[in-house]
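Me: I have a two-part model on my screen and would like to learn to read it. Can you take me through it feature by feature?

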Amino acid sequence: MMFKKGFKRIFKPLKLLSEEDVNAIHAVTLDILRNTGIKFVSKWALNFLKKHDCIVNDEDQIVKFPEGLVEECIRKTPSSFRFKARAEKDDVIFCKDVVYFQEAPGMHILDLETFKPRPPTKQEYIDYVKVLDYLPNCHLTSPYPYFGYEEVPAIMLMPELMAIKFKYSSMLGLSPYQSDAEIFIIQMAQTVSTEICGVISQAPPLTWFDNAIMQARRCIEAGFPVGPCSGTTFGATGPVTLAGTVAKTNAELISMLVLVQLLKPGHRTLMLLFEVPQNMRTGAPAFGQIGSTMANALYNQMWRWYNIPLEACSPGFINAKTPDFQSGYEKAINGIISAVSGANIVQFHGCIMGELSAHPVQAVMDDDIAGMIGRFIEGVDVNEETLALDLIHEVGQSPGHYLGKPHTAKWWKLEQFIPKVADRTATYDDWLKKGKKSSIDLAKEKTKEIIQTHNPIPLNDKQEEDIQRILEDARQYYKKRGML
Amino acid sequence: MNIQKIEEIRSNVSNDPLIKLKRALITYDQELAKNTLEDIIRQKIDSFVALSSMIEVMKLIGDAFEREELFLPDLVGSGETMLSVMPILQDEIKKAGKEKRNLGKVILGTVRGDVHSIGKTMVGTLLTANGFEVFDLGVDVSAGKFLEAIKKYDPDIIAMSALLTTTALEQKIIIDTLSKEGLRKHIKVMVGGGAITEEFAMDIGADGYESTAPAAVGLAKKLLQIE
C-alpha cells in the first residue's frame with residue numbers, strides 16, 4: 001500500500017511584502033469590515049451577527065464588524081489541524097510547513113486528438129477518480145474532477161459525483177453545495193467514516209448568499225471543517241491593483257471566518273483563495289498569468305501572518321488549450337511560487353483550458369511537476385552523513401568514483417526526484433529506439449496502466465448500500481420539490 | 001484610424017459642450033458628462049444632437065475594441081458614463097415631445113441558482129450604450145420571474161447568463177416555459193456565461209450564443225436584423 005505524504009518545507013517562505021506592507025493591507029481590511037461592510041443575503045445571518053455586536057442594516061443587508069470581534073475570531077481559528085480520511089494513511093495535517101497538492105477540476109473531458117472538450121461518460125469519470133487516487137503527489141481532491149458526466153440530471157450532479165468519489169477513492173477532498181445537495185453529501189461522508197471540507201463560496205464583491213451560509217452551518221453542525229472561498233477577478237470584482245484586491249478579498253473571507261468562529265469557536269477552517277486577473281479583452285478570468293502567481297504569494301504571506309491555513313486554488317488553472325509548452329510553464333511557475341511562498345495546499349492536477357476541461361493524462365504529467373516542486377521545498381539535509389567527508393577521503397581522486405558505494409545506494413533516490421513520464425533517454429538514438437515518445441505519449445501509457453491496475457480501498461457492503469439509499473433519498477427529496 | 005480620432009477628442013480642451021461631452025465619455029468622467037449635459041440643456045442645444053455625439057463616441061470606441069486597440073475597461077467605462085446621463089437626456093427628449101427610438105427591448109438576467117452578475121451586467125451596460133432598452137432582472141432569476149417580466153415589458157430579446165454547469169440547464173427550462181406559454185416565436189433568446197457553449201445553446205433551442213459581452217451586442221443586432 002502506497003502512502004501519500006505532503007512535502008515539508010525546510011526554509012522560510014518567500015515574502016513579497018515588508019512588515020509595513022502587511023500592516024497597511026490589514027488596516028484596509030479592517031476598515032472595509034468596519035466602515036464599508038459586507039452584504040449577507042440571509043435573514044438568519046443578519047440576526048445572528050446582530051446578536052454578536054455587529055452593526056446590521058436589515059434593509060440593505062449590510063453587516064459592519066467591530067475590530068475587536070474580528071481580531072478575536074482570527075485568534076480563535078486553529079493554526080493547524082488534522083483532516084481525517086477513512087483510511088489513516090490518507091489523513092492530512094495542515095500546519096505551517098507542510099505543502100499538499102490537490103486536483104484541479106475542469107468542466108468536461110478533453111479529447112486528446114482534437115482538443116475539443118466534451119462531457120465525460122460515467123466510466124471516464126470513475127477512471128479519472130481512480131487515477132487521482134493513485135497519483136503519489138496528489139493528496140486531495142476538489143469537489144469534482146469533472147463538473148458532471150453524461151446522463152446525470154443537473155439537480156443530482158453533486159450527490160452522484162460525490163458518491164463516485166467516496167466509492168473509488170479514499171482521498172480527502174473539498175465538498176460542494178447546491179440546492180441542498182450538502183445534506184446528502186454529509187450523510188454519505190458520515191456513512192463511509194471520512195471527513196469532508198465544505199466549500200463556502202462568496203459572490204464578490206463583498207457579498208455572501210444564503211446557500212453558502214447554509215453549507216457553513218450544516219458542515220459545522222456535522223463537525224466537518226469548512227473552507228470559505230474567494231473568487232475575485234482583479235479589475236472586475238476587485239480592484240485591479242493587487243494590494244487593493246488582497247485587502248478586499250481578505251475582508252470578505254474574514255467576515256465569513258467571524259461567522260464560523262461565532263457559531264463554533266475554534267472550528268477548523270481552511271481559507272481558499274481563488275483569485276485571477278481579468279482578461280481585459282474577453283472578460284474571462286486570465287488564468288495562468290503572472291498576476292495570479294503574485295496574488296498567490298501575497299495571500300500566502302498574509303494568511304501565514306494571520307496564522308490560519310490556506311489553499312492556493314488558482315495555480316493549476318491555465319489558459320493553454322492543449323498540454324503544451326504554455327501549459328507546462330504556466331503550471332510550473334504558478335505551482336512553485338505558491339509552494340515556496342507558504343501555501344498549505346496547491347490546487348494543481350489535471351485541469352486545462354481554464355476551468356473548462358481536464359484530463360487524467362494531464363494530471364499524470366502534473367504529478368511529475370508536483371513531485372519536482374515537492375523535492376525542491378524539502379531542501380537539503382546538511383549533517384555528518386550527507387556531508388560525506390569520510391567517503392570523499394575514501395574515494396579520493398580520479399579514477400575513484402562514488403557509483404558503487406553504499407552511501408550512494410542509500411541516498412540517491414532521496415536526493416533525486418524521478419519523474420514518471422518525462423523523457424529521460426540519454427541520446428537521440430536511444431529516444432528513437434524507445435519510439436520517439438513525448439511526455440504526453442508516456443503519460444497516456446501510464447494513465448492506461450493505472451486505470452487497468454490500480455485498486456482503491458473498497459467500501460464494505462453496508463457502506464455501498466447506505467450510499468445508494470442516500471442517493472435515492474436525494475432523488476425523492478428533489479422530486480417532492482418538483483426539481484427532478 | 002479610430003484610435004487616432006479618440007486621442008484627438010481626449011486631448012481637445014475646447015469648451016464646446018458637445019466636444020466636452022465626447023471627452024467625458026472617453027475619459028469615463030461621469031461628473032464632467034453630467035455638468036456638460038446640463039450646459040447643453042441651458043444652451044438649448046437639441047437633445048438629439050447630444051445623443052448623436054455620444055453614440056458617435058461609443059461607435060468609435062466599439063470599433064477600436066474590435067481592432068484590438070482598446071480593452072474592456074474602455075468599453076465599460078465609456079458605456080457607464082453614457083448610462084449615467086441618459087435619464088437626464090431622456091427627460092429632455094420627453095419634454096420636447098419627441099421620442100427616443102430604441103434598437104429593441106432586452107430582458108436580461110442570471111438564471112435561478114446562479115448569483116454571478118459581472119458578465120451579465122457588462123452585457124447590459126454595452127447593450128444600453130449601443131441603443132437597446134434593457135431591463136436587468138438581476139441574479140437568481142426563475143422562469144416565473146422571466147415570464148412576469150416578459151408580460152410586463154414585451155421584449156424583443158431575452159438574454160440569459162449561467163456561469164455554473166449545474167445552472168446552465170435552467171436556461172432550457174426557461175426556453176421550454178416560453179414555448180409552453182406560446183411566447184417563444186415572438187421573442188429571440190440569447191444565452192451566455194462560463195458554462196455555455198455554442199453547441200449547448202443550439203441544443204437547448206436558443207437563437208444565439210456569444211462568449212463575450214462586446215460580442216453579445218453584435219448578436220443582439222444580428223437577431224433583430226439591425227444594420
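This is a predicted model: local features need pLDDT of at least 70, side-chain atom pairs count only at pLDDT 80 or more; totals for chains, interfaces and linings use all residues.

Me: What is the mean pLDDT of chain B?
Reply: pLDDT is the predictor's confidence in each residue, from 0 to 100. Chain B has a mean pLDDT of 89, with 98% of its residues at 70 or more. Among the elements of chain B, helix α2 (residues 17–26) has the highest mean, 96. Helix α8 (residues 165–180) of chain B has the lowest, 82. For the complex, the predictor gives an ipTM of 0.77 and a pTM of 0.90.

Me: How many helices and strands does chain A have?
Reply: Both are DSSP runs, numbered from the N terminus: helices are H or I with at least four residues, strands are E with at least two. Chain A has 17 helices and 21 strands. Its radius of gyration is 24 Å, close to the 23 Å of the globule rule for 484 residues, so chain A is as compact as a globular protein of that length. That radius is taken over C-alpha atoms, and the rule is 2.2 Å times the number of residues to the power 0.38. The C-alpha trace of chain A spans about 85 × 55 × 45 Å along its principal axes.

Me: And what does the secondary structure of chain B come to?
Reply: Chain B has 10 helices and 5 strands.

Me: What share of the residues in chain A is buried?
Reply: Buried means under 20% relative accessible area, exposed over 50%, and partly exposed in between (1.4 Å probe, protein chains only). In chain A, 56% of the 484 residues are buried. In chain B, 49% of the 227 residues count as buried.

Me: Is A:L172 buried or exposed?
Reply: A:L172 is buried, at 0% relative accessibility. This leucine is in strand β11 (residues 172–175) of chain A. A contact means heavy atoms within 4.5 Å. Leaving out residues up to four places away in sequence, A:L172 touches several residues, including A:F83, A:V92, A:H139, A:L140 and A:T194.

Me: Is A:D461 buried or exposed?
Reply: A:D461 is exposed, with a relative accessible area of 62%. This aspartate lies in helix α17 (residues 461–480) of chain A.

Me: Where does B:D29 lie?
Reply: B:D29 is in the loop between α2 and α3 (30–42) of chain B. At 31% relative accessibility, B:D29 counts as partly exposed. B:D29 touches B:A24 and B:T81, not counting residues up to four places away in sequence. The C-alpha atoms of B:D29 and B:G77 are 8.6 Å apart, though 48 residues separate the two along the chain.

Me: What should I look for in the backbone?
Reply: Most residues other than glycine have a negative phi, and most peptide bonds are trans. In this model, the peptide bond from A:P204 to A:P205 is cis, with omega near 0 degrees. A:P205 sits in the loop between β12 (197–201) and β13 (207–209) of chain A. Another cis bond joins A:S398 and A:P399, with omega about 15 degrees. A:P399 is in the loop between α13 (389–395) and α14 (406–415) of chain A.

Conventions:
Residues are numbered from 1 along each chain as its sequence is written. Chains are lettered from A and ligands numbered from 1 in the order in which they are written. Side-chain values use heavy atoms; hydrogens and water are left out.
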